[in-house]
2 protein chains.
Amino acid sequence: MPISRFYKLYFSPNRKYVKVLKNLLGFVPGNLSLYRLAFRHKSVAQNIRKGVKNSNERLEFLGDAVLGSVVAEVLFKLYPYEDEGFLTELRSKIVSRNNLNALGKKLGFDKLIEFDTKILNGGRQGSLLGDAFEALIGAVYLDKGYDFTRNFLVNHIIKSHIDIHKLEQTETNFKSKLIEWCQRHGKDISFDVITNLDGESAKLFTVQAVVDGEVMGSGKEFSKKNAEKLAAEKACAALGI
Amino acid sequence: MPISRFYKLYFSPNRKYVKVLKNLLGFVPGNLSLYRLAFRHKSVAQNIRKGVKNSNERLEFLGDAVLGSVVAEVLFKLYPYEDEGFLTELRSKIVSRNNLNALGKKLGFDKLIEFDTKILNGGRQGSLLGDAFEALIGAVYLDKGYDFTRNFLVNHIIKSHIDIHKLEQTETNFKSKLIEWCQRHGKDISFDVITNLDGESAKLFTVQAVVDGEVMGSGKEFSKKNAEKLAAEKACAALGI
């Protein structure tokens with residue numbers, strides 16, 4: 001272990017914080033102030049210049065982008081025979097606020113984030129964790145560079161905490177839900193592709209989910225599959241499934 | 001120059017294509033098939049497996065993410081005192097289809113892209129160039145890694161071809177355009193923040209651009225500034241400004 005990391009872990013005045021971060025991240029952080037910033041919600045941020053606060057929001061912007069890029073590469077390589085629509089959708093599930101909030105909770109971020117409990121009520125604390133997760137990725141990126149961040153995300157986060165194949169499975173839920181429901185209730189179900197209106201991009205697909213001859217939902221997307229899914233989702237909502 | 005690059009440039013059967021790419025990119029590409037793929041529009045792609053075509057769309061997905069990450073870092077460092085809303089907006093201008101299409105044209109992509117002229121009419125060729133630009137970034141990333149791609153983008157593309165400060169200036173255009181027009185025509189103009197409907201996120205702002213008492217445009221965004229801008233843009237469209 002290089003001397004600087006050894007010092008940080010055992011002798012520096014910040015050694016307690018360094019240990020917490022090391023346990024969380026699996027590596028000894030370099031620039032501590034970046035990590036402190038990543039865990040500072042705007043509700044406790046101070047003005048550092050007119051109109052500028054030292055909150056984690058700028059790091060969140062950066063981390064969101066780096067995370068998007070790493071996840072894009074992971075999926076690109078994991079699914080060599082899937083098209084960009086599939087990849088885009090699966091990525092958006094992985095980086096969804098829901099998923100990142102759950103991840104932040106699992107990683108124990110609630111004990112690390114500084115925020116004003118008076119300002120934030122229960123309902124709005126939700127996105128704190130996901131936002132901080134993205135900000136942390138921004139901090140790791142600035143501290144250690146892209147390749148390190150990618151390896152950290154892949155080996156320490158994605159492999160251990162994200163079940164990509166399970167997320168993939170959730171994708172067809174609405175369509176299969178609708179089909180199952182129709183089978184159980186003895187109803188006809190079809191997904192009809194509607195010809196685009198004049199002036200609409202030929203890339204757009206409009207699909208109607210038709211149950212017993214009645215249009216129950218319709219979706220317009222850049223792939224037929226996604227349009228079907230959207231139509232199914234709307235039909236499920238309309239039928240109360 | 002390493003011998004492999006020397007061979008590629010002067011002796012390989014692909015040397016003509018390598019030279020074209022070197023002139024375009026400023027470096028000798030490694031895996032040529034990636035670059036060929038980046039310039040292959042789906043209209044000329046072949047099925048390589050059931051439902052999978054060898055078009056540039058998957059590379060575009062990857063390149064879009066890498067580009068977003070690089071531009072995020074550039075802006076993060078270039079504007080240390082601007083908030084994430086500013087950074088997000090400026091990035092979206094830089095990576096807009098309009099801007100990337102113009103970039104692709106400037107770089108001469110129209111001579112490199114393979115596409116079926118019979119299928120694509122004039123109007124739809126537009127996004128070919130921007131899509132191929134993103135796919136190219138995906139190819140460079142897979143071929144050379146993140147740091148190389150970042151340096152290529154920063155030194156070869158952004159510094160030479162993208163006027164970030166000019167794009168920054170365009171940001172208030174619609175609002176000031178609208179205000180100027182109203183002043184010139186002796187009309188009242190106000191931007192009114194509308195109380196959110198029940199069930200809408202408290203983070204959302206709805207702003208109406210009101211000209212002489214009449215709502216001419218309205219915008220809903222996560223910042224008041226952006227909502228104003230959207231409302232102004234719509235009002236400009238409605239008034240034909």
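The following legends describe close-up views of a predicted model. Local features require pLDDT of at least 70 and side-chain atom pairs count only at pLDDT 80 or more, while totals for chains, interfaces and linings use all residues. Residues are numbered from 1 along each chain as its sequence is written, chains are lettered from A and ligands numbered from 1 in the order in which they are written, and side-chain values use heavy atoms, with hydrogens and water left out.

**View 1. The residues annotated as "binding site" in chain A.** According to an unreviewed UniProt entry, this annotation covers A:Glu60, A:Asp131 and A:Glu134; such annotations may be inferred rather than shown by experiment, and their positions follow the numbering used here, with feature names shortened. Although the three are spread over 75 residues of sequence, their largest C-alpha distance is 6.1 Å. A:Glu60 belongs to helix 4 of chain A, where helices (H or I, at least four residues) and strands (E, at least two) are DSSP runs numbered from the N terminus. A:Glu60 is buried at a relative accessible area of 17%; buried means under 20%, exposed over 50%, and partly exposed in between (1.4 Å probe, protein chains only). A:Glu134, in helix 7 (residues 122-144) of chain A, is buried as well, at 3%. Contact means heavy atoms within 4.5 Å. Leaving aside neighbours within four places in sequence, the contacts of A:Glu60 are A:Arg97, A:Asp131, A:Glu134 and A:Ala135, and those of A:Glu134 include A:Gly63, A:Asp64 and A:Arg97.

**View 2. The start of helix 5 in chain A.** A:Asp83 is located in the loop between helix 4 (57-78) and helix 5 (84-94) of chain A and is partly exposed, with 38% relative accessibility. This residue caps the N-terminal end of helix 5, with a side-chain oxygen 3.1 Å from the backbone nitrogen of A:Gly85. The side chain of A:Asp83 also reaches the backbone nitrogen of A:Phe86 at 2.9 Å. A polar contact is a pair of N or O atoms within 3.5 Å; within protein, one must be able to donate a hydrogen and the other to accept it, and residues adjacent in sequence count only if both atoms are side-chain atoms. Further along, the buried residues of helix 5 include A:Phe86, A:Leu87 and A:Ile94. The buried residues of this helix pack against helix 4, helix 6 (97-106), helix 9 (164-169) and helix 11 of chain A, together with helix 4 (57-78) of chain B.

**View 3. The open sheet of chain A.** Three strands in the order 3-4-5 form an open sheet with antiparallel pairing; two strands pair if DSSP finds at least two bridges between them. Strand 3 (189-194) and strand 5 (214-221) are the edge strands, each pairing on one side only. Six bridges link strand 3 to strand 4 (residues 205-211), and A:Asp192 stands opposite A:Gln208 in strand 4.

**View 4. A hairpin in chain B.** Strand 4 (residues 205-211) and strand 5 (residues 214-221) of chain B run antiparallel and are joined by seven bridges. B:Val210 stands opposite B:Val215 in strand 5. Two residues lie between the strands of this hairpin, and B:Asp212 in the turn has a positive phi of about 50°.

**View 5. The surroundings of A:Thr149.** A:Thr149 is placed in helix 8 (residues 146-161) of chain A and is buried, with a relative accessible area of 0%. Not counting residues up to four places away in sequence, A:Thr149 touches A:Val66, A:Ile137, A:Val140 and A:Tyr141.
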